[in-house]
Amino acid sequence: MAVQKETYLEIKKALDAQQVQLVAVSKTKPVSDILALYELGHRDFGENYVQELTEKQAQLPPDIRWHFIGHLQTNKVKYIGPFVHLIHGVDSNKLLREIDKQAQKQNRTIPVLLQMHIAREETKFGMNEAELQELLAALGSYPLQAVRVRGLMGMASFSTDSNLVRTEFRYLKSLYDRYRQLQSPAFPFDTLSMGMSADYQLAIEEGSNLVRIGSLLFGSR
Ligand SMILES: *Cc1c(COP(=O)(O)O)cnc(C)c1O
């Protein structure tokens with residue numbers, strides 16, 4: 001399926017009016033699809049796989065802001081450290097420390113979001129609130145040098161039950177509001193990444209300020 005340029009322009013306009021950022025999720029799609037949106041002025045793209053991301057990054061204009069939205073393995077941080085704009089899925093202290101190390105090596109700061117597990121489905125990824133508190137306590141006693149924790153990310157259940165999805169988003173927003181009170185220079189906490197093609201409108205109603213949309217823009221995978 002071709003890139004949905006009309007849909008992009010409509011969604012982008014609506015999101016701009018609500019001051020919600022759009023990350024166009026381009027995983028599995030060719031660089032020509034990314035360029036089609038780039039030519040319309042879009043700069044924020046999201047990818048899930050390190051190798052796919054580094055290959056695309058090398059072929060595409062340097063002013064693209066690359067969001068890593070997949071599960072990041074510690075031993076792969078070094079490949080995206082030089083250029084990644086925002087890492088959405090951080091859910092362990094070990095991974096944060098490695099990102100901090102790579103950021104220092106590259107003489108830059110790397111912004112990250114902490115991933116929370118909010119869906120009913122079992123997955124290995126994302127933290128519960130107790131784990132988040134543990135992580136924040138660890139940061140308190142051993143601060144990061146070159147990582148900026150900008151907020152939280154989460155994925156709701158894959159469900160047509162909009163009440164369930166809404167409840168999960170509402171819960172994530174409540175965590176975001178609570179931990180936002182800890183704001184500091186290393187902890188700017190201004191970004192809540194929630195909502196995908198199927199549920200982004202619900203997510204915005206529940207307080208999201210960054211949505212990650214793939215199939216609506218690029219067609220199904
Ligand atoms: C693939 C993916 C998306 C985009 O999903 P669509 O349903 O295609 O919009 C958003 N977030 C994450 C974490 C993803 O893996």
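Analyst: The axes of helix 5 (residues 93-105) and helix 6 (residues 129-141) come within 10 Å and cross at roughly 40°, where axes are lines fitted to C-alpha atoms, for helices over the stretch in contact, with angles running from 0 to 180 degrees between N-to-C directions, and helices are DSSP runs of H or I with at least four residues, numbered from the N terminus. Helix 5 is therefore oblique to helix 6, a word kept for angles that are not under 35 degrees (roughly parallel), over 145 (roughly antiparallel) or 65 to 115 (roughly perpendicular). N93, L96 and R97 of helix 5 make the contact with L135, A138 and L139 of helix 6, contact meaning heavy atoms within 4.5 Å.

This is a predicted model, in which local features need pLDDT of at least 70 and side-chain atom pairs count only at pLDDT 80 or more, while totals for chains, interfaces and linings use all residues. Residues are numbered from 1 along each chain as its sequence is written, and side-chain values use heavy atoms, leaving out hydrogens and water.

Turning to the ligand, 13 residues surround it, the closest being K27, N48, S197, G214 and S215, with a residue counted if one of its heavy atoms lies within 4 Å. A polar side-chain atom of N48 lies 2.8 Å from an oxygen atom of the ligand, and a polar side-chain atom of S197 lies 2.5 Å from an oxygen atom of the ligand.

Notes
Helix = DSSP H or I, 4+ residues; strand = E, 2+ residues; numbered from the N terminus. Polar contact = N/O pair within 3.5 Å; in protein donor to acceptor, adjacent residues only side chain to side chain.
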